[in-house]
Amino acid sequence: QVQVVESGGGLVQPGGSLRLSCAASGSIFNINTMAWYRQAPGKERELVATITPGGTADYGDFVEGRFAISRDNAKNTVNLQMNRLQPEDTGVYYCNVVEMVVAGLEIDYWGQGTQVTVSS
């Protein structure tokens with residue numbers, strides 16, 4: 001069993017920055033992709049950013065160069081640096097960890113979410 005814990009959310013003014021952190025712990029075998037998702041009130045959960053074990057990152061179209069995802073494979077952590085935040089970035093941000101159990105079998109683990117509020 002893998003536990004996923006996020007931290008770093010909070011209230012920030014428009015144009016400000018926040019750094020989210022996520023740590024996976026427990027009986028970890030082989031972590032594959034790590035990612036951040038978010039869900040705004042009344043909207044579906046959407047992908048913010050993903051990163052492979054080799055460090056290849058991909059972002060949602062709305063990011064537009066404002067965010068940067070990074071990971072430390074040795075520590076099983078993933079971070080999301082968010083800059084130039086706007087009110088529409090408000091939502092609950094979730095960390096997602098994909099564990100490859102055996103070839104062709106992966107298990108998704110989710111954190112409890114951390115609230116990000118962008119408001120003046």
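Reply:

**A charge over rings, and an open sheet**

Arg45 lies over the face of Tyr94, at 3.8 Å from the ring centre, where a charge counts as sitting over a ring if NZ of Lys or CZ of Arg is within 6 Å of the ring centre and within 35 degrees of the ring normal. The charged end of Arg45 also sits over the ring of Trp110, 4.7 Å from its centre. The model is a predicted one, in which local features need pLDDT of at least 70 and side-chain atom pairs count only at pLDDT 80 or more, while totals for chains, interfaces and linings use all residues. Residues are numbered from 1 along each chain as its sequence is written, and side-chain values use heavy atoms, with hydrogens and water left out.

Turning to the sheet, 4 strands form an open sheet in the order S1-S3-S8-S7, with antiparallel pairing; strands are DSSP runs (E, at least two residues), numbered from the N terminus, and two of them pair if DSSP finds at least two bridges between them. Strand S1 (2-7) and strand S7 (67-72) are the edge strands, each pairing on one side only. S1 is joined by 6 bridges to strand S3 (residues 18-26), and the two run antiparallel; within this pairing, Gln3 has Ser25 of S3 as its bridge partner, and Val5 has Ala23 of S3. S3 in turn pairs with strand S8 (residues 77-82) in the antiparallel sense over 6 bridges, and there the bridge partner of Ser21 is Asn79 in S8.
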